[in-house]
Amino acid sequence: MSDVFDVLIIGGGPAGLTAGIYASRSKLKTAILEKKRKPGGQMSTTWELENYPGFKEATGPDIAKSLSEHAEKFGCEFLKGEVKEIDLHSNPKVVTSKKGEEYHAKSVIMATGAEPRTLGLPGEHEFRGLGVGYCATCDADFYTDQEVIVIGSGDAAVEEAIYLTRFAKKVTIVVVHEEGKMDATKVIQERAFENPKIDYIWNSVVEEIKGDELVDRVVVKNIKTGETSEVKTDGVFIFVGTIPKTEFIEGQVELTEQGYVKVNDQMETSVPGVYSAGDVNDKFLRQVVTACADGAIAATACERFLEERQDIEEKIEEPSQEKSVIVVFWSPTVKESMEAISQLEEVVGNDNQVKIVNIDTYKSTGIADNYQINEIPSIIAVRNKKVVASLTGKEVNKEKLADFYQDLV
Ligand SMILES: Cc1cc2nc3c(=O)[nH]c(=O)nc-3n(C[C@H](O)[C@H](O)[C@H](O)COP(=O)(O)OP(=O)(O)OC[C@H]3O[C@@H](n4cnc5c(N)ncnc54)[C@H](O)[C@@H]3O)c2cc1C
């Protein structure tokens, strides 16, 4: 088996890179597996990153480079490969790339982001890269002094239309809504309305993209009148939302109907030891700053998971080869659970064939979850990695503990 990573991060966008910084700084053996030549994610293609806190002037590629170097400084490894398959239920977890390379990890952080949604229009696939684009910051300069059509009216669409006006002589946004209405936030709409290079076709959808070798026109349908017309253009940019990159974990972790990963506030997925961060998650705001925040939380939660896993292996499962381990799940807020600890110590006395481990369920929620503890106090006996006896509830008393101990020895 190849090296086992403590944390394997899939995807090297801002979420993955920040998780890489946090995990490797905590001295965890960490790697980022990224399918593209360079890490950075969507940020690498976002020239104007105007709202990343504290960086008034920096571009997306600047921040991407800086985040990568930061992760590298703490010892994070960078691996190149596109994940095709993943076995999240094995121990360690196995991640397989398209080329068949296998990586093993004690925990995994998903940070694969989301990709632009396509419309499936006639001509869209045929002219992709030949006049049809999904990233203005990547392709805008090809359209210097030309005319382009933008499809979509959300924040990304309108921001990209504004960006395109730096190069193109005219940008026409095709909007499905009534005149004056767009989905973008007010401040972005206002900026677009003030821009003399932007024009609009309201109440309309693009039905087809046409051309010879390159795009030269689109067929536009007015959804109110049903009329269609051809509009000349040199390029078409489509910004109609994104699709989360979760196809390889479908059926393994809980996803929304749209395929986004469901997480709690610690970025935990439905599978223990598997975390998810950034645009791939079901969340309110998909931005660089929130992706970074998710990455930091996921790596920190992951670190705690690994510590607890180590406690389970070393304190609870390992000694059971020779002796029984009695684990008391207690909480400082449950008086009976603290009494149970001293009663048990009295019952066991100095029998060195039995080891007592006390777990504070407030701090070590992962260990409690691992043994499906729902009540405090709960007492379990573990031998050869198996729970062989258990006692739960506030009525635990010295007599019951004595019987529990006698049955065990
Ligand atoms: C045009 C545009 C403009 C934007 N402008 C701004 C802005 O001004 N400010 C702002 O804050 N945000 C902006 N955003 C949003 C921001 O870029 C994203 O919210 C952010 O990049 C999400 O980070 P992420 O790490 O979750 O995902 P991503 O940045 O998408 O990174 C995911 C990474 O995972 C990799 N990956 C995917 N699948 C696999 C696989 N199977 N195996 C290996 N690797 C894989 C991808 O190659 C990618 O590098 C913009 C986005 C776009 C598209």
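The legends below describe close-up views of a predicted model.

**View 1. The protein chain as a whole.** The secondary structure of the protein chain comprises nine helices and 21 strands. Along its principal axes, the C-alpha trace of the protein chain spans about 90 × 40 × 40 Å. The radius of gyration of the protein chain is 28 Å, whereas a compact globule of 409 residues would have one near 22 Å.

**View 2. The shell of residues around the ligand.** The ligand is surrounded by 30 residues, of which the closest are Glu34, Gln42, Asn51, Asp279 and Val288. Helix H1 (14-25), strand S2 (30-34) and helix H6 (288-317) each contribute at least two residues to this shell. By residue class, the shell around the ligand holds ten nonpolar, twelve polar and eight charged residues.

View 3. An N or O atom in the side chain of Glu34 lies 2.6 Å from an oxygen atom of the ligand, and a polar backbone atom of Gln42 lies 2.9 Å from an oxygen atom of the ligand. At Val83, a polar backbone atom is 2.9 Å from a nitrogen atom of the ligand. The ligand taken alone exposes 1,000 Å², and the protein buries 92% of that area.

**View 4. An open sheet of three strands.** The strands of this open sheet follow the order S12-S13-S14, and their pairing is antiparallel. Strand S12 (204-211) and strand S14 (228-232) stand at the edges with a single partner strand each, so one side of each is left without a neighbour in the sheet. From one strand to the next, the twist averages 30°. Strand S13 (residues 215-222) pairs with S14 in the antiparallel sense over five bridges, and the bridge partner of Val220 in S14 is Ser229. In general, the strands of a sheet pair through backbone hydrogen bonds, either parallel or antiparallel.

View 5. Most residues other than glycine have a negative phi, and most peptide bonds are trans. Lys27, in the loop between H1 and S2, has a positive phi near 65° although this residue is not glycine. Asn91 and Pro92 are joined by a cis peptide bond with omega about 0°, and Pro92 has its place in the loop between strand S4 (83-87) and strand S5 (93-97). The peptide bond from Ile376 to Pro377 is cis as well, with omega near -5°, and Pro377 is found in the loop between helix H8 (365-370) and strand S20 (378-383).

Key: Residues are numbered from 1 along each chain as its sequence is written. This is a predicted model: local features need pLDDT of at least 70, side-chain atom pairs count only at pLDDT 80 or more; totals for chains, interfaces and linings use all residues. Side-chain values use heavy atoms; hydrogens and water are left out. Two strands pair if DSSP finds at least two bridges between them. Helices (H or I, at least four residues) and strands (E, at least two) are DSSP runs, numbered from the N terminus. Axes are lines fitted to C-alpha atoms, for helices over the stretch in contact, and angles run from 0 to 180 degrees between N-to-C directions. A residue is near a molecule or strand if one of its heavy atoms lies within 4 Å of it. A polar contact is a pair of N or O atoms within 3.5 Å; within protein, one must be able to donate a hydrogen and the other to accept it, and residues adjacent in sequence count only if both atoms are side-chain atoms. Accessible areas come from the Shrake-Rupley method with a 1.4 Å probe; for residues, only the protein chains shown count as cover. Ala, Val, Leu, Ile, Met, Phe, Trp, Tyr, Cys and Pro count as nonpolar, Asp, Glu, Lys and Arg as charged, and the others, Gly among them, as polar. The radius of gyration is taken over C-alpha atoms; the globule rule is 2.2 Å times the number of residues to the power 0.38.
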